[in-house]
Amino acid sequence: MSKSIVLAATMVCMIASCAMFGPPAPPKADYTLVDDFGYPCDRAAQKEWKPMGGTAPVSVARLGDKLALRMPCNFEGTKIDRASWDRSVELDLTTCQGLQFRLFCEDPSPVSGFTLYLQSGDGWYSVRFAPEKKGEWCTIKIDKSRSGVEGSPAGWGKIKTLRLSAWRGKDVDTEFYIADLGLLGADAEIAIVRGESVAKKSPDEAKSVAAFSQNVAQCLSDVGLPYAMISDLDVTAKRLRGKRIVILPHNPSMPDNVADELVKYIKDGGKIIGFYGLNAKLREAVGIPGGNHIKQEHPGTFASIHFTGNALPGAPKVVGQRSWNISESKALKGKSRVAAYWYDDQGKSTGQAAVVVSDSAIQMTHVLITDDLVNKRNMLLAMVGHFAPDLWRKAATRSIGQIGRLGPYATFREAKDGLWWAGLMSQPVTNNVEEATRLRNQASGLCSEGKYAKAMDISAKAQKLMLEAYCLAQKPEKREHRAWWCHSAFGVEGMTWDEAIKNLADNGFTAVLPNMLWGGTAFYKSDVLPVDPSVKEKGDQIALCVAACKKYGIECHVWKVNWNMGSRSSKEFVAKMVKEGRTQVLYDGTKKERWLCPSNPANQKLEIDSMVEVARKYDVDGIHFDYIRYPGGSSCFCKGCRERFEKVLGHKVKNWPEDCKKDEKIKQKWLDFRRSNITKVVAAVSEQARKVKPKIKISAAVFRNWPVDRDGVGQDWKLWCEKGYLDFVCPMDYTPINAQFENIVKLQKGWAGKVPCYPGIGLSCWKPSNDICKLIDQIKITRKLGTGGFTIFNYGVSEAKEMAPLCGKGITRKR
C-alpha cells in the first residue's frame, strides 16, 4: 500500500471520528506534556484509554488546532457506579509535584465527583477532584501530597496505570473533555519525602504520615514555593540532585537504605528540614543528637514555640502549636544550637528545645500541625529561607500580590472597589480597606529595600484587614439552622463547655452536635456502655454540655459513632466482643476487631439502647447517628453473618463469601441484607426515642452519594427520609470545590425529599483549614439552594478562636 493511500486513510479516519462541534479550544499548555491526545482516530485513542465494564468508549475531538478526548458518562439506563477508563503508562513522577491537565464539562451535575487513580506495584494512589466551573476549561492539578493510598504501591517512580473515574450522581448522561495531560512542578527546588514505607507495617500510621506531609505541602503552596512530593520508596541521592532542600514531615521507621541515601545527599551539600523523630544516622550526619520521647503532662504542656533573639531570621517570635508530645532534640556544642523552646499554656518555658539548627539541618521536635496557620507558614518559610535566602524575595513578592485576593475578587483593585459599596453601609469596612491600602504600599516599599521578612509581616496584616472587611460585608439569614459538629466529647481544648457554647451563641450559631458516645465507650454516666475513666475526673460531659446549651439557647444534638468501638474502648470490652463473635470479619478473612457486626442482634440492641438512653436521661434536643453504615463493601463476612444471611436467603451459600459478590442473584439479596441491618437500627431508635421524648429530633451524618453508598456501605438514607425516621439529614459534603458542593447538594435535596437537608461543610478537612472565604461561599450556596441550614465540621481550637468569630462578623451575625 502506498504512503499516499495510508495518509489519505488516516485523514479520513480523523475527519470521521473528531467531533464537529464541542467546547472551545483549551488554553495552551505551559508545562511538560505526558499525553497531548494527538491520536489519529477514535480507534487509536480507544486502544490507549480502555473503558472499564459498562463504560462507553472515548472518542477524539478536534477543538480548533488542538485535540482532546471526549469521555462519555453513560449513566442513564445503566447500573455502573462510575464511568472509568484505564491508560497503561510508564511514568516516573518521583521528582515532580504531580500531574495536571485541562478539563471541560458543560453539565457536571450527573457526576458526584471525579478520581484519578495511579497504579504502582501492588497498590494505587488516588486523588479526588472536580472542575471549579462548568462550561469552561479548568486546570486540574493532581498533587501527590493530597493522594490517598490503597494497598502497597511501589512508589511514584513506577506508575504503570492511570485510571480516570467519574462517579455516578444521578441517572442522566453527560460528557467531559480532557486535554494536555502533563507534569506539575517538574522543576521544584524543594522536596518533601513522604514515608510511604511505613504502610506495610502500620496502615494507621500511614494516614498520619500522609496528613502531616500534606500540612507541610500546603504551607509551602500558601507562600508560593513549588515542591516535589517524593515517596521514601523512591529516594536516592541521585534523584535528589537539584533539590536544594529536603523536608521530612513525619518519617517513622525510616528504612536504613533511605537514611544512607539522605546522608549522601547531605554530604553533597544538601540541606534537611526535619519534623518530630529523626533517624539516628541523619542525626549524626547533621550534628543534632536526639533524646527521649516526652509526652505532655497535661493538655497545654506544649502550647507554643518561642524563638530566641535572631536565631532563625524571619521566624515569628511566637508560634502557636498545641502538641501532645515531642521527640527530644539537643544542641551539640560547635555543631548546632537551639533556636526555639517550648512554652506551656501559662506562658512558662518548659526548657525543652522546639527547634534546633545546624549548618546542614533544622529539626523541629514535633510534627507541623495547622493551628496558628499564618505564623506556621512564616516559620516554615524562615526555615527554608535560612538555607535558600533568595526564596524570601519570591515569597514576599507573592505575599504582596495576594493582598485582596479573596472571595470573588482576583485583584486588590477588585476587592477595594467591591468592598467600597459595602463600606457605604458600614464604616468599619471602609476603615479596614483604607488601612490595608496604606499597609500594602508600605510592604511594597520594604520589599524593594530587600526587607523581605518585614514586608511579609506587613502584607499579612493588610490581608487580615481585607479579610475582616470581607467578613463584615456579609449578611446573615433569618431563621437558619447553623450547627457545628464537635468531635471531642470534652469540647474545645482550653475552653470549658460553658465558654465554648457561649462563643457559638455570641457568633450567631444555633446548634452543636457533640460526639459523646462510640460503639464501645460513653463519656457520660451510662448504664449501657462502658464509661470512659475520664468521666470520674472531668465529669459527665453530656450534662455539662446540655447545661451550657440551655443557658445560652443553643440546641444540643448528641452524636454517636455507631458500630465503631473507637480507640478509647477498653481492651477488656473489645476482647469480650471478639470472644463472643460480635466483631467484623472482612471478605479476605481479616478481623476488624474494633468494629461491631451490624447483623448481630446483640450489637443492634446495644446501638439502640445506648442512643435511647441518652434521650431518656438528658434534656437533649436531638440524637445524631454517625458511622451508621458498614466500613466498606468488604464487610462483614463473619460466621454469624453467614448464618443469618442464609436464614434470610432460605438456603446455604455454596461458595462463601465469593457468591455474595459474583452470583448476581445472591449479590442483590446480600446488599439488601446489609441495608436492612442498618435500617433496622435507625428505625428502632427513631421509634423508641420519640416515645421517650416526643419532641426529640433524630438526625444522621451520611455519605454524600446515596445511589452508590446504599450498596457500597449499606446506608439507605433516602429511605430513612421517606419513612420519616429522620427529622433532618447532614450529608458529609467535605469538598473545597464550590461547583461540586453545589452540584451534590442539589441532588441531596431531592433524595431527602420533605426532610430538611443541612449539608455538611468540611472546613477542618480542607487545606488550608482556615479558608473563611470558602466557608462563606458554601454557606451562600446552601442559602441559594434553600436548604434552611448547614452543619460545619469541626468545632476545634482554631475554629472556635478564629472561624466562628469571623462568621459572627457577618454571615451568621446576630441581628
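You are looking at a predicted model, in which local features need pLDDT of at least 70, side-chain atom pairs count only at pLDDT 80 or more, and totals for chains, interfaces and linings use all residues. Residues are numbered from 1 along each chain as its sequence is written, and side-chain values use heavy atoms, with hydrogens and water left out.

**The whole chain**

Switch to a cartoon view to see 23 helices and 33 strands (DSSP runs numbered from the N terminus: H or I of at least four residues for helices, E of at least two for strands). The radius of gyration is 28 Å, close to the 28 Å that the globule rule gives for 815 residues, so the protein is as compact as a globular protein of that length (taken over C-alpha atoms; the rule is 2.2 Å times the number of residues to the power 0.38). Its C-alpha trace spans about 85 × 75 × 65 Å along the principal axes. Of the 815 residues, 57% are buried (under 20% relative accessible area, 1.4 Å probe, protein chains only).

**First stop: the largest cavity**

Next, select Pro-108, Val-111, Ser-112, Gly-113, Phe-114, Ala-130, Pro-131, Ala-739, Gln-740 and Asn-743, which line the largest cavity. A cavity is a set of points on a 1 Å grid over the protein atoms alone where a 1.4 Å probe fits but cannot get out; lining residues have an atom within 4 Å of a point. About 70 Å³ of space lies inside this one (the space filled by probe spheres set on the points, which are joined across faces, edges and corners). Strand 7 (111-120) and helix 21 (738-752) each give two or more residues to the lining, and strand 7 has the largest share, with four.

**Second stop: a nonpolar lining**

Now pick Trp-49, Phe-101, Leu-116, Leu-162, Leu-164, Ile-178 and Leu-181 around the second largest cavity, whose volume is about 50 Å³. Which classes do these residues belong to? The lining has seven nonpolar, no polar and no charged residues (nonpolar: Ala, Val, Leu, Ile, Met, Phe, Trp, Tyr, Cys and Pro; charged: Asp, Glu, Lys and Arg; polar: the others, Gly among them). Strand 11 (159-168) and strand 12 (174-184) each supply at least two of the lining residues.

Notes: Buried means under 20% relative accessible area, exposed over 50%, partly exposed in between (1.4 Å probe, protein chains only). On a 1 Å grid over the protein atoms alone, a cavity is a set of points where a 1.4 Å probe fits but cannot get out, and a pocket is an open set with protein on both sides within 12 Å along at least five of seven lines; lining residues have an atom within 4 Å of a point.
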